[in-house]
Amino acid sequence: MEFNDLDPIGHEEDSHQPFRKQRLRRGVYILPSIFTVANLLCGYYAVLATLEGAPTDLDNAARAIGIAILFDSLDGRVARAMGTNSEFGKQFDSLADVVSFGIAPAFLAYVWGVRAVAAFEAPQALHLVQLGWLIGFIFVVCCAWRLARFNIQGMAPGGGRFFVGMPTPAAAGMIAAVVHFVVNPIQDVKVSLLWLAMVLALGVLMSSTLRYYSFKDIQWTKRQPSLAVVLFALLLGAMIYFSRSTLLAIAGAYSLHGVVIQVVRTVRHRLASRPA
């Protein structure tokens with residue numbers, strides 16, 4: 001009797017291995033997507049809290065945007081660590097970022113910085129309201145533009161240490177940090193105009209070609225000096241117990257450092273091009 005048409009038991013088990021590996025691989029992809037969904041949920045909650053309009057709700061919306069930044073940083077790192085990067089994950093992450101770092105902060109910036117002023121000075125605030133929603137829309141467009149450009153071009157040339165343009169989480173974080181620091185909505189027209197100017201500047205920085213440090217070259221899994229651990233612990237403690245001032249200082253410093261880097265590069269280039 002010939003058994004050419006039958007596979008031994010061992011080979012029969014091996015025939016299922018590719019299928020099992022494929023199912024396992026699909027299951028692994030779920031983990032980064034969970035962080036992306038959490039990011040999207042925070043952005044959705046931030047919009048709902050902003051629509052409530054009370055100072056506590058606006059502060060909760062700012063906190064939700066901050067938590068969304070944390071989830072956004074985790075989904076990419078988890079995907080790279082597990083080797084589960086995919087085109088679907090990249091596009092899904094970008095769509096979530098448009099909500100959490102585009103629409104949610106634009107809503108928050110308008111309600112916190114314009115709506116209260118319009119309520120107190122209704123006849124004179126018509127143009128301010130129109131300017132507010134226009135600048136908020138520009139911020140959303142710049143956010144979507146920045147994400148689309150990143151999906152096509154990626155990081156700045158030279159090893160991926162720098163982003164091209166201000167990252168969308170940083171721009172949203174700056175708005176959230178200011179709201180979290182002040183809490184009470186703006187009720188003065190001049191201050192509202194300054195606020196809208198800052199929101200517009202953040203949109204311009206996102207769509208610009210300025211370089212912003214990415215922190216992706218830091219080797220988190222390797223040994224670091226003990227002083228670095230102490231400094232990180234102090235920073236974490238400050239973010240917990242003095243969150244309002246600490247987060248505002250971090251967000252402001254990161255927002256400005258791209259401009260500072262560009263100024264330093266321009267000065268060095270001009271000094272180097274001068275004849276001796």
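Leu 134 is partly exposed, at 38% relative accessible area (buried means under 20%, exposed over 50%, partly exposed in between; 1.4 Å probe, protein chains only). Leu 134 lies in helix 6 (helices are DSSP runs of H or I, at least four residues, numbered from the N terminus). The model is predicted: local features need pLDDT of at least 70, side-chain atom pairs count only at pLDDT 80 or more, and totals for chains, interfaces and linings use all residues. Residues are numbered from 1 along each chain as its sequence is written, and side-chain values use heavy atoms, without hydrogens or water.

Leu 134 belongs to a nonpolar surface patch of about 780 Å². Patch residues have over 30% relative accessible area and no salt bridge, and nonpolar side chains (Val, Leu, Ile, Met, Phe, Trp, Tyr) are joined within 5 Å. A salt bridge is a side-chain nitrogen of Lys or Arg within 4 Å of a carboxyl oxygen of Asp or Glu. Helix 6 (126–153) and helix 8 (189–207) each supply at least two patch residues. Helix 6 gives the most, with six.

Ser 94 sits in helix 5 (residues 87–120). Ser 94 counts as buried because its relative accessibility is 9%. Beyond neighbours within four places in sequence, Ser 94 is in contact (heavy atoms within 4.5 Å) with Leu 147 and Asn 151.

Leu 95 is also placed in helix 5. Leu 95 is exposed, at 60% relative accessibility. Its C-alpha atom is separated by 8.7 Å from that of Ala 144, 49 residues apart along the chain.

Notes: Patch = residues over 30% accessible without salt bridge, like charges linked within 9 Å, V, L, I, M, F, W, Y side chains within 5 Å. Areas by Shrake-Rupley, 256 points an atom, 1.4 Å probe, with all protein chains shown as cover.
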